[in-house]
Amino acid sequence: MSNLFRFLLELIRVIIILFAGLWLLFSVESKLFLITLEGTPFFLLFFANLLLILVLYRNKLQFSGWYKGKEVKRLSPQATNVLIVVALLAFVSSLFLKNS
């Protein structure tokens with residue numbers, strides 16, 4: 001298979017992972033906190049969930065995909081920690097900003 005074809009397959013895989021991950025995280029958040037997320041700043045939850053999916057993909061999922069290139073590598077531990085902390089802060093702040 002050519003690299004372009006593998007890249008396109010990986011792009012489709014990333015889109016599926018993104019939609020499935022966002023759906024799963026929003027479902028868990030709404031069930032866990034027994035809220036419908038109504039009145040919650042959606043952009044903060046979306047941003048937090050997107051960051052968590054990015055960390056998961058870059059550190060684990062990209063190595064099981066079709067595209068194998070030189071630039072495929074993990075995030076540094078510092079970058080991983082910063083992204084997770086920012087995601088958690090965005091998530092917590094969205095709960096505090098609810099209905100305000």
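A contact is a pair of heavy atoms within 4.5 Å. The model is predicted: local features need pLDDT of at least 70, side-chain atom pairs count only at pLDDT 80 or more, and totals for chains, interfaces and linings use all residues. Residues are numbered from 1 along each chain as its sequence is written, and side-chain values use heavy atoms, with hydrogens and water left out.

**View 1. Overall fold of the protein.** Residues 24 or more positions apart account for 70% of the protein's contacts with a separation of 6 or more. The secondary structure consists of three helices and zero strands, in the order α-α-α from the N terminus. Helices (H or I, at least four residues) and strands (E, at least two) are DSSP runs, numbered from the N terminus. Of the 100 residues, 30% are buried, where buried means under 20% relative accessible area, exposed over 50%, and partly exposed in between (1.4 Å probe, protein chains only). The accessible surface is about 7,000 Å², and carbon and sulfur atoms hold 75% of that area (Shrake-Rupley method, 1.4 Å probe).

**View 2. The largest nonpolar core.** A nonpolar core is a set of buried Ala, Val, Leu, Ile, Met, Phe, Trp, Tyr and Cys residues joined through side-chain atoms within 4.5 Å. The largest one has 15 residues, and Ala48 and Leu83 have the most contacts inside it. Two or more residues come from each of α1 (3-32), α2 (42-59) and α3 (77-96). The largest share, seven residues, is from α2.

**View 3. Helix α2 and Ala48.** The 18 residues of α2 reach 26 Å from first to last C-alpha, close to the 26 Å expected at 1.5 Å a residue (the expected span is 1.5 Å times one less than the number of residues). Buried positions in α2 include Leu44, Leu45, Ala48, Asn49 and Leu51; the buried residues of this helix pack against α1 and α3. Leaving aside residues up to four places away in sequence, Ala48 touches Ala87, Ala90 and Phe91.

View 4. Thr80, Leu83, Ala87, Ala90, Phe91 and Ser94 are the buried residues of α3. They lie on the same side of α3 because they cover an arc of only 100° around the axis, taken from the directions from the helix axis to the C-beta atoms. Their cover includes α1 and α2. The face turned away from the buried side carries the exposed residues Pro77, Gln78, Val82, Leu89 and Phe96.
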